Amino acid sequence: MDILQIEHLTKTYGSGDTAVRALDDVSFTVAAGEFVAIIGSSGSGKSTLLHMIGGVDRPTSGTVRLNGEDVFQRSDEQLAVFRRREVGLVYQFYNLVPVLDVVENMCLPVLMDGRAVNEKRLTNMLRVLGLEGREHHLPNQLSGGQQQRVAIGRALMNAPAVVLADEPTGNLDSRNSAEIMSLLRKSNKELGQTLIVITHDEDIALTADRVIALEDGRIASDTRVH
Amino acid sequence: MAAKHLRAKGTGTFARPRVQKCLSPLHASVFARYTLRSLAANRVRTAVTVVGIALATGLLAAVLVSVTSLRAALLAQSYASGGVWQAGFTYEDDEKVDELRAATGEHLDRLALRRDLGAAALSAESAEESGTYLGVLSLPEEQAGTARSAGDDQYAVIPGPTVAEGRLPERAGEIALPTYLQGAELTAGASEIAGVESGAVSDGPLEMGSTVTLALGQRHYGMDLTYRWHSGASLMDGETLSDVGEPRAYTVVGFVETDYETGNAAFVCYDEPAATASGEIAGTAYFSTVGYESASQIGDALVAAGVDSWSYNTTLLIYQGLDRGRAIIDSLAQIAAVLAVVIMVAAVSLISGAFTISISERTRQFGLLSSLGASRRQLRRTVLAEAAILGLVGVPLGLALGVGGAAVAFAVTADGWTAMLRETTSVSLVVAPADLALAVGLSAVTLLASAFAPALRASRVSAVDAIRSSADIRPSRRLLRVFARRRTALDDLSADRRRPRGLAARLGGMPAFLARRTLAVSAGKQRVSVVALAVSVALLVTAGLVSDYLHGATGYIDTGTADLRVNLFAETDDDYHPVGDLVAQTNALAGRAEQVSGVRSASVTSQGSVAFHLDAAGVDADALETFMQESPYGAYYLDAAGYGSAHLVLLDDATWRALAESLGLSDAEKDPAELSCVVLNAASVTNDETYGTVQPFTGAADTIELLADPENMASDQWLGPADDGTFGLVTTDGDTMGTVLAVPTDELGMAAVAQVPVAAYAEGLGDASPFSTDDLGANAPNVIMPARAVAASSGCETVRQGMSSSTVYATLSPEADDIETLDALEEALEGIGDYGSVGTYNLVELARQSRAMELTVNVFLYCFVAITLAISVANVFNTIASGLMLRTREFAALQSAGMGRRSFRRMIVAECSDVAVKGLVGGVALATLINYALFQAMSASISTLVLEMPWGHVALAFAVVVTVLAVSAGYALRRTHAMNLVEALRSDVM
């Protein structure tokens, strides 16, 4: 079953002579439980694509359907709700809220939605992420790897339809990178979490089910690895 | 790490010192460019900071210039009224003056001499009115040959006497006499001094052109002391007059005002030859100096000249800063110092806030620069260069603003200063280079103090800090304690797991929770805004307070609605009864006054007193008791039995009708021909400590009975209240000196001459009354009646005999000049035979003066407050706006985690409200303390003062706070939103 359908997605920045086509008529679908790696050189449109799927940026034309629903038919306020319920975003620079501690950061999307935090899921998550004993630390009291684990926890806490990770290991050393990727894969294998990861790292890309290569805003190749 | 590695490699490869030397000009320009670019990149903050610096400099310059100008005005006033002399001494030998010249040398600036020709004894008969002596002084004359004696004649060394009539003497044989001798006749005969005949004889009553013959001698007092020859007209114990010369005739050419300095003296010209038998005369030398640093140096010069007693022009020396004293100059200097400190503190907090923000915004940049090899000194200089550039723009701008502003303020308040200084000297702007230099210096210090700490911080930024960018998150101890208490992960959540734990989340949901947490984590930053706001609020409210108190202080002068007032006192016979009929004059005066050109309407009251009686039920005995206890006047002129003496106020027809109208009386009662009265039922019991009013009448009596004075009163008896409050014929007890009852009222047999119906008991006169309660009796019941009806009544004779004065209240026509009209009015009323002396009051002028003074103080007060407020507002704007802009990435993170715009806005509003509430509460609390202190200080002089908060100003402060926060937050959020969410999320350099 396709959880995500992207059709003729185009994004243009600027206008006239200076217009840049970051995405040019991109179409593909992702099945539930799939782990997709998106690769490409700088400026190929990877991050733009990810932000479209995450409802952070609006496309110039084309549609993104998640669970069959058109994401951009929503108002800004509805988009915010969409972001906290349907997607989990992980960034290269973690983007944790500096004033909230680990647990508060992880629970942020759930709390913002006014729903009850699933206690079992939270304790499990803290254990799996190796954040036990760090529950009440602020982000600046954590290492980079720990901060990224909190970010992953935040992305997974809501059991979103899709987790989107933009170079999640780009800022980490190899040991931490390996840990983070194994956590993400674990969520994919054990929880059936749909996962889209942008990466430069070929080794990471090769652990995905499928690799989509972007070039100048177009899909250059779409390869099933496993 | 990578950057550090690079630098290490570089050090190894190149011969570093040489390269650095070669590159240093390039470095300098790189850093200068970097500084300029970062200023340009934050245009709004740069502008706000420059404005802050300009305002601070401007305010400093304005305060200094104003104080100098005021000082100059006081000095000018002192010069104009008392002359420029600094010290003066009496000498009997002209050589003393030469010795002074020698002792002071080049320091002697101006010198004037006044000669004391001696004193003439008046005959005992003349002395009764005009004193024992008439002293004769020469007009002071400036001596040539000193530094500024030629040319500088704006002010006299010591001013001559003020001419009341005629002119000053110009040649020998002419004399100007003191005004009290005008019309007097100086006779021959024995004087009051044993064995001395009169030496002052006139050819009839003294007037212009009269001849007065004077034989002048020396007054001696004590053993060998020649006491000040001219001093005083009265006889000192054991004094003699000797060395009396030949009588000499003088022609009277003028009359002059007497003053404290010269006593009762006549003036002749400086060249008048000596007139004592020996030809000896004394003189007084007045001089000013330059180059001395204190009054004691002038004293030293006098001692060197052999002068053993002298007097200083102390006021002037204080104004010139040569003498210390508890004087206005000290207060001025203190005020200037206090204001300067307030300005500098406000400015330092603003400017250093701006720099701190500028530094923390660029933490990563500084880290990067440092990792690229910028030395700490270079980083520090970058910040100091930023300060220097801002100062170069802000300081000159501020000087221009300050001087210009002060000039405008002085121009606007010119009338007020003239009224306050009570002289014709005007306060004009004096721009001393020293003041400007001081303002620039203080501004530079302020800037340096502001930039120093941020510069130090910038130089200590390490590459690691920069990348972690963790410097801004400093959880409060309370928050750390809260975290430390939490054990399991679930401790962060409420019981139902739907909210974070805590009151804020329960009340306001996630936005409130986030706002609260942000404030707990960055308490230091927030405190800057709160303190700045609180100070602004306190300043604004205090300005309101001071202004209210000032207005209150001048508002207590109740003048009624009239513009001009003329008091006419009755001409009286030997029994102190008026010669004319003031009752009948009342309406005539009104008619006469209204015909004067410039008078729009006139009201006339005639005042007097009359004994009266009313039913005892109509008197409130408790109120009388309170009056006796509280008021400074003792007993009220009314006793519990209903006997008393009224302060009678008779009104002309129109004024009666207007009063009756305002009190809502019936048509019959409005008729001035109908005998009736209005009793003012209010007596002030305000004393030094408390304020209050009592109502002595119950209102139960419908009529009052006017009584004829008792016959055959002894000369030491009068009608009034005894010390126990009983009204009757009273006298002074020889033993206790108290007032005791001689004959009770019921035994006096005072005949009732008229029954007057009481039309109303009124508690006040109403806003339209031309006269005020201040014009009425303070310790006697005030009974107001129409003059026409009184004149027609059978009791008229009694009333007529008790009258003492009439008062004309006039309002001006719109175009009329108050001074001209008052003169015309006085002229029109002066000729009436029934009145003796006339007093005129220009109520418009009084009101104008008090308004001008109030305006002056308000202009300076509000200018200061407005500018300090502007500095604080700039501070709050910079802190709030920059604080929000620094959090762009945090906001982006919140939004990408699913926070909607509305929640986001609510979060920001919650944060700003917190700051606003704290700032307002703190500010109002501070203002309340100041209010209480001011109240304490002012109640000493104004007993009617009530402790009141100026709620209008509190509301204004509230509006200012809300506006400032809204504008700051609005601006910051627009800037934040302008940044693409996507960019914000990716931004690694802030």
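This is a predicted model: local features need pLDDT of at least 70, side-chain atom pairs count only at pLDDT 80 or more; totals for chains, interfaces and linings use all residues.
**View 1. An open sheet of three strands in chain B.** The strands follow the order β22-β23-β24 and pair in antiparallel fashion. In general, strands of a sheet pair through backbone hydrogen bonds, either parallel or antiparallel. The edges of the sheet in chain B are β22, residues 717-721, and β24, residues 739-744, each of which pairs on one side only. On average, and with direction ignored, neighbouring strands of the sheet are turned by 55 degrees against each other. Strand β23(B), residues 727-732, runs antiparallel to β24(B), and 5 bridges join the two.

View 2. Helix α10(B) covers residues 376-412, which is 37 residues. At 1.5 Å a residue the helix should span 54 Å, and this agrees with the 52 Å between its end C-alpha atoms.

View 3. Two packed helices are described by the angle between their axes and the distance between the axes. Here the helices are α3(B), residues 43-82, and α12(B), residues 433-460; their axes come within 9 Å and cross at roughly 145 degrees. The crossing of α3(B) with α12(B) is right-handed. On the α3(B) side, the residues that make the contact include B:Ile53, B:Ala56, B:Leu60, B:Leu64 and B:Val65. Those of α12(B) include B:Leu436, B:Leu438, B:Ala439, B:Leu442 and B:Leu447. Among the other contact residues are B:Thr57 and B:Thr68 of α3(B), and B:Asp435, B:Ser443 and B:Thr446 of α12(B).

**View 4. Chain A as a whole.** Chain A holds 7 helices and 10 strands. It has 226 residues, of which 52% count as buried. Among contacts in chain A with a separation of 6 or more, 69% are between residues 24 or more positions apart.

**View 5. The contact between chain A and chain B.** Chain A contributes 40 residues to the contact and chain B contributes 36 residues. On the side of chain A that touches chain B, the elements giving two or more residues are α2(A), residues 76-86, α3(A), residues 102-112, and α4(A), residues 119-128. The most on this side comes from α3(A), with 7 residues.

Note on methods. Residues are numbered from 1 along each chain as its sequence is written. Chains are lettered from A and ligands numbered from 1 in the order in which they are written. Two strands pair if DSSP finds at least two bridges between them. Helices (H or I, at least four residues) and strands (E, at least two) are DSSP runs, numbered from the N terminus. Axes are lines fitted to C-alpha atoms, for helices over the stretch in contact, and angles run from 0 to 180 degrees between N-to-C directions. The expected span of a helix is 1.5 Å times one less than its number of residues. A residue is buried if 20 or more other C-beta atoms lie within 10 Å of its own, exposed if 12 or fewer, and partly exposed in between; C-beta atoms are placed from the backbone. Two residues are in contact if their C-beta atoms, placed from the backbone, lie within 7 Å. A crossing is left-handed if the near helix is turned anticlockwise from the far one by less than a right angle, and right-handed if clockwise.
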